Amino acid sequence: MDVRIIREYRKSLSISIDENGFLIVKAPFFLSSKKIEEFIKSKENWILKQKEKITNKKLFIKNFDFFNKVYINGNEYEWDQIEKSNKRITKASFYKKMFSQIILSRAEELKIYFNSNITFKLCNSVCMWGSCNAKNIIKLNWKIVILPKNLQDYIILHELCHTKHLNHSVKFWNEVEKFNKNYKQNKKELENYSLILREKVI
Ligand SMILES: [Zn+2]
């Protein structure tokens with residue numbers, strides 16, 4: 001695994017793996033290389049686990065063929081057939097149309113349990129499924145429409161719960177659990193799909 005060491009004004013060491021699979025170690029300016037090596041060695045198990053996660057995600061995405069197929073609510077369809085009946089439509093515009101029909105209406109349905117002053121917007125991010133800000137504007141990635149329904153609901157409810165707690169505190173997760181008893185399972189399952197966010201759909 002490639003290691004990148006970043007020297008910064010900081011007191012302690014930190015370790016993470018970026019989206020390209022590089023090991024990023026942030027270290028204080030004057031810490032010896034030996035100490036850094038020891039630190040990396042002590043994280044060996046964690047690193048192995050992360051590597052395994054990355055490999056699994058890469059294997060999982062191989063199940064998809066974004067060139068010949070489109071995926072709606074976790075089901076696959078031949079793009080050829082959709083294109084025939086919707087002349088000159090692009091895959092991205094087809095997905096966005098489906099997003100408006102399926103995801104936005106579902107989000108409005110789930111909103112009734114929350115503050116009515118919530119606005120949903122479509123987003124195109126390559127790194128997140130959704131976000132929520134202090135003005136109760138919830139951005140949802142159009143690629144949510146690709147996911148199975150249980151994961152679509154998990155993402156929408158997750159963001160709706162952020163209108164009550166704008167953090168990932170215990171209180172926040174308790175709120176999520178009120179609406180979704182299987183949220184832990186969904187959260188884990190969703191990790192498999194994260195590479196779809198970076199997939200170019202044309
Ligand atoms: Zn969140």
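This is a predicted model: local features need pLDDT of at least 70, side-chain atom pairs count only at pLDDT 80 or more; totals for chains, interfaces and linings use all residues.
β7 and β8 run antiparallel, and three bridges join them; β8 covers residues 137-141.

Is asparagine 136 buried or partly exposed? Asparagine 136 has 17 other C-beta atoms within 10 Å, so it counts as partly exposed.

Step back to the sheet. β7 and β8 belong to an open sheet of three strands. The order is β6-β8-β7, and the pairing is mixed. Which strands stand at the edges? They are β6, residues 119-123, and β7, residues 130-132. Each of these pairs on one side only. On average, neighbouring strands here are turned by 20 degrees against each other, direction ignored.

Two helices pack on this sheet. Take α4 to begin with, residues 91-111. Helix α4 touches β6 and β8, and its direction makes about 150 degrees with that of β6. Then α5, residues 149-161. Helix α5 touches β7 and β8. The direction of α5 makes about 15 degrees with that of β7.

The largest nonpolar core has 23 residues. Which residues have the most contacts inside it? Leu140, Ile144, Ile155, Ile156 and Leu157. The elements giving two or more residues to this core are β4, α4, β8 and α5. Of these, α5 gives the most, with seven residues. Let me pick out isoleucine 155. Leaving aside residues up to four places away in sequence, isoleucine 155 touches Trp129, Gly130 and Ile144.

β4 was on that list of elements. Where does β4 pair? Strand β4, residues 69-72, runs antiparallel to β5, residues 75-78, and four bridges join them. Tyrosine 71 has glutamate 76 in β5 as its bridge partner. Together β4 and β5 form a hairpin, with two residues between the strands. Asparagine 73 sits in the loop between β4 and β5. Here is another positive phi in a residue other than glycine: asparagine 73 has a value near 50 degrees. Asparagine 73 has 14 C-beta neighbours inside 10 Å, so it counts as partly exposed.

Next, the other three-stranded sheet. This open sheet has the order β1-β3-β2, again with mixed pairing. β1, residues 3-8, and β2, residues 14-17, stand at the edges. Each has a single partner strand, so one side of each is left without a neighbour in the sheet. Neighbouring strands are turned by 20 degrees against each other on average, direction ignored.

How do the pairs run? β1 and β3 run parallel, joined by six bridges, and β3 covers residues 23-28. Arginine 7 has alanine 27 as its bridge partner in β3. β2 and β3, on the other hand, run antiparallel, with four bridges. In that pair, isoleucine 15 stands opposite valine 25 in β3. β2 and β3 also make a hairpin, with five residues between the strands. Glycine 21 in this hairpin takes a positive phi near 90 degrees.

Now put the pieces together. The protein is divided into domain 1, residues 3-61, and domain 2, residues 69-198. How far apart are their C-alpha centres? The centres lie 31 Å apart. Across the boundary, five residues of domain 1 are in contact with four residues of domain 2. The side of domain 1 that touches domain 2 has two nonpolar, one polar and two charged residues.

Last, the whole protein. There are seven helices and eight strands. The C-alpha atoms fill a box of roughly 65 × 40 × 30 Å along the principal axes. Of the 202 residues, 17% are buried. And the contacts? Among those between residues at least 6 apart in sequence, 47% join residues at least 24 apart.

Technical notes
Residues are numbered from 1 along each chain as its sequence is written. Two strands pair if DSSP finds at least two bridges between them. Axes are lines fitted to C-alpha atoms, for helices over the stretch in contact, and angles run from 0 to 180 degrees between N-to-C directions. Two residues are in contact if their C-beta atoms, placed from the backbone, lie within 7 Å. Domain bounds come from an automatic or database domain assignment. Ala, Val, Leu, Ile, Met, Phe, Trp, Tyr, Cys and Pro count as nonpolar, Asp, Glu, Lys and Arg as charged, and the others, Gly among them, as polar. A nonpolar core is a set of buried Ala, Val, Leu, Ile, Met, Phe, Trp, Tyr and Cys residues joined through C-beta atoms within 7 Å. A residue is buried if 20 or more other C-beta atoms lie within 10 Å of its own, exposed if 12 or fewer, and partly exposed in between; C-beta atoms are placed from the backbone.
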